[in-house]
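Subject: Structure handover and notes

Hello,

Please find the structure below, followed by my notes on it.

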Amino acid sequence: MKKVYSLSSLFFVLSSLFFVLCSPLPGYAAGIATDLENNVLDLGRVNEGKVLTQSFFVINNSALPVKINVQALGCSCFEIISPKGRVEVAAGDKQEVIFNFNTTGLDSKISKPLYIYTTDSLSPVIKIEVSADVAGKKEKFVSRFLNFSSLAVLGAGLVDGINPCAFTVMVFFISFLSFAGYSKKDMLIVGGLFILTLYITYLLIGAGLFKTLRSLEIFTYFSRIFYRLISGFAFVIGLFNLYDFWVYRKTKNLDKIVLKLPALIKRKIQGMIREGMIKKEGKDKPLFALIIASITCGFLVSILELLCTGQLYLPTIAYILKVPDLKIKAVGYLLFYNLMFIVPLLAVFILAFFGLTSSHFEKLTRKHLSAVKLVTAVLFFGLGLALLIVKR
């Protein structure tokens, strides 16, 4: 029994000694720690090239002061802002670590380490994992494009509005009203209703196209082919606009331009305006007849004019469909697209109302036609590219 007792006593003594040696000294119960869960800092989804400023805290849970030094080894993506060099953290105190993380040149999901060297014997080195999902150059372009989706759609509407086709019709319309001897009041009614009808007609056409294209999305394969076809169409029209820019800049001859209102359609539109707005036997039309004539004329002209201005409208609607975030706001974007479309026409009408002649408008159109063609080409190329690379 005595031998057994001695072995039990020896086991107890050794166990107690092991516990004492392995237990932390007083004042170092928890040592040095950070306020990060598992010492991981996740920056989430970021675009390549962006510099992020981040921070976390190093906490001294001991009863003695501890010195720390933050280092970034093996990656130039880090810049330690604070603390610089070795600093002391008082007992029970904490130190904020601030750093910049530069994503330039990084791609896909990455994880980079930060090291905190301490004088704490229990935690001499703490490794911080900084992770991020970095969008590469292509995805970054898409992201930036989507961020400016509102400007892209509104810009398309404005460029469509200063389309030479639309300007030609509006200038002829105003000139004819003035030539026909309409009073200022009649011109205001006729011009206002004509532009309003253009707006509503284009809006309804856009809504119809939007609904039709969206209904075809259930046919995934067809939808994919269709978007590629529209993208190709946008690139082709962009090239034609570049050609028009070059040839008009060189020759100043409108007849050399490819993208313009066909002569047959142009004559048809002018005939509609004459027939709808001409006064019978020199007498003014009754107000009701004038209103009906303005609406009818505006509707018919907008349908024919769509052959020219629709070149930009269709790719824009396809772009709206392509971007998921825009689907909820589709109606709003169509409203504002068409509002931007009539802004230049409204400006032309107001200037004409106050006496500016059609010859001035024609000179203005000729002066800036090459610039309009160049901007239109860039816009077509942008929409075509977006339709190819934006994922659904």
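Four strands make up an open sheet in the order β1-β3-β7-β5, and their pairing is antiparallel. Two strands pair if DSSP finds at least two bridges between them. The edges of this sheet are β1 (32–34) and β5 (78–82), each of which pairs on one side only. From one strand to the next the twist averages 30°, with axes taken as lines fitted to C-alpha atoms (for helices over the stretch in contact) and angles running from 0 to 180 degrees between N-to-C directions.

Before the rest, the conventions: this is a predicted model, in which local features need pLDDT of at least 70 and side-chain atom pairs count only at pLDDT 80 or more, while totals for chains, interfaces and linings use all residues. Residues are numbered from 1 along each chain as its sequence is written, and side-chain values use heavy atoms, with hydrogens and water left out.

Strand pairs

Strand β3 (residues 51–60) runs antiparallel to β1, and three bridges join the two. In that pair, A33 stands opposite I59 of β3. Strand β9 (residues 125–135) has a parallel pairing with β2 (residues 40–47), over six bridges; R45 has D133 in β9 as its bridge partner. Strand β8 (residues 108–118) is joined to β9 by ten bridges, and these two run antiparallel. S111 faces S131 of β9, and the link from β8 to β9 is a hairpin through six residues.

The chain as a whole

The chain contains eleven helices and nine strands. It has 392 residues, of which 42% count as buried; buried means under 20% relative accessible area, exposed means over 50%, and partly exposed is in between (1.4 Å probe, protein chains only). Among contacts with a separation of 6 or more, 77% are between residues 24 or more positions apart, where contact means heavy atoms within 4.5 Å.

Nonpolar cores

In soluble globular proteins, nonpolar side chains tend to be buried together. A nonpolar core here is a set of buried Ala, Val, Leu, Ile, Met, Phe, Trp, Tyr and Cys residues joined through side-chain atoms within 4.5 Å. The largest one has 58 residues, and the members that touch the most others are M170, F173, F194, I273 and L312. Elements giving two or more residues to this core include α3 (149–161), α4 (164–179), α5 (184–215) and α11 (358–389). Helix α8 provides the largest share, eleven residues. A second, separate core holds 28 residues, among them C77, F78, L114 and V134.

Aromatic pairs

There are seven aromatic pairs in the structure. Rings of Phe, Tyr and Trp (its six-membered ring) pair if their centres lie within 6.5 Å; planes under 30 degrees apart count as stacked, over 60 as edge-to-face and the rest as tilted. For Y202 and F341 the ring centres are 4.6 Å apart and the planes are at 35°, so this pair is tilted. Y202 belongs to helix α5 and F341 to helix α10, so the pair ties together parts 139 residues apart in sequence. Both Y202 and F341 are buried. One aromatic cluster is formed by F56, F78, F99 and F101.

Helix α5 also contains T201, which is buried at a relative accessible area of 7%. Leaving out residues up to four places away in sequence, T201 touches F299, S302 and I303.

Backbone points to check

S82 and P83 are joined by a cis peptide bond, with omega about 0°. P83 sits in the loop between β5 and β6 (86–89).

N38 is a residue other than glycine with a positive phi, near 60°. Its place is the loop between β1 and β2, and N38 counts as exposed at 67% relative accessibility.

K252, also not a glycine, has a positive phi near 60°. K252 is in the loop between α6 and α7 and is partly exposed, at 47% relative accessible area.

Regards
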